[in-house]
Amino acid sequence: MAYYGKSTKRAYSLIPEGAYEATVYSCEEKMTKAEQPYIQFSFQIRSDAKQAYGSRIINKSFWQGNDGEYPNEKIGAYAAALGIPEGTDFTLRDLVGRYCIVNVDHYTAKDGTEKDCVKYISESVIGDPAFGTLNPDDIPF
């Protein structure tokens, strides 16, 4: 017997504004269809901590300026929040799998829809469970 069903539009809900423990799911340089390069951080909200929206993905993109350069100071601040010591060289691949807190905000897109975005990141409070530092009771939110 064959399966028959109807397609449905996936329900989307905003991630509420606030702070969430997250992991860098991916971090890479990409290209738009109009061939504009950008760097995209994809964060996955941690499901191993006592918080809502575990496993949801939220992205942050950095675009090149008119000078053709990325905002290195901002990307460097992200690397520092992800545990890369100050003054250390890194690649985008070095950031994948690291822990942080993503601070989510909302904005209104050009089409009038409300969207969620990463406003900034900060150092993880609960750290890496592989080192035995995971203590969900220590999360300040």
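Guide: In this predicted model, the charged end of K60 sits over the ring of F62, 5.4 Å from the ring centre. The case qualifies because a charge over a ring must lie within 6 Å of the ring centre.

Visitor: How many aromatic pairs does a search of the whole structure find?

Guide: The search finds 7 aromatic pairs. In one of them, the ring centres of F41 and F62 are 5.8 Å apart and the planes meet at 75°, so this pair is edge-to-face; planes over 60 degrees apart are given that name.

Visitor: In which strands do F41 and F62 lie?

Guide: F41 belongs to strand β2 (residues 37-45) and F62 to strand β3 (residues 57-63), so their pair ties together parts that are 21 residues apart in sequence.

Visitor: Are F41 and F62 buried or exposed?

Guide: Buried means under 20% relative accessible area. F41 is buried, at 0%, and F62 is buried, at 6%.

Visitor: What geometry does the aromatic pair of F43 and Y78 have?

Guide: The pair of F43 and Y78 is tilted, with 6.4 Å from centre to centre and 50° between the planes. F43 lies in strand β2 and Y78 in helix α1 (residues 72-81), so the pair ties together parts that are 35 residues apart in sequence. F43 is buried at 0% relative accessible area, and Y78 is buried at 8%.

Visitor: Which residues form one aromatic cluster?

Guide: One aromatic cluster is formed by F41, F43, F62 and Y78.

Terms used: Residues numbered from 1 in each chain as written. Predicted model: local features only at pLDDT ≥ 70, side-chain atom pairs only at ≥ 80, totals over all residues. Heavy atoms only, no water. Phe/Tyr/Trp six-rings, centres within 6.5 Å; stacked < 30°, edge-to-face > 60°. Helix = DSSP H or I, 4+ residues; strand = E, 2+ residues; numbered from the N terminus. Buried < 20%, exposed > 50% of the residue type's maximum accessible area, 1.4 Å probe, protein only. Lys NZ or Arg CZ within 6 Å of the ring centre and 35° of its normal.
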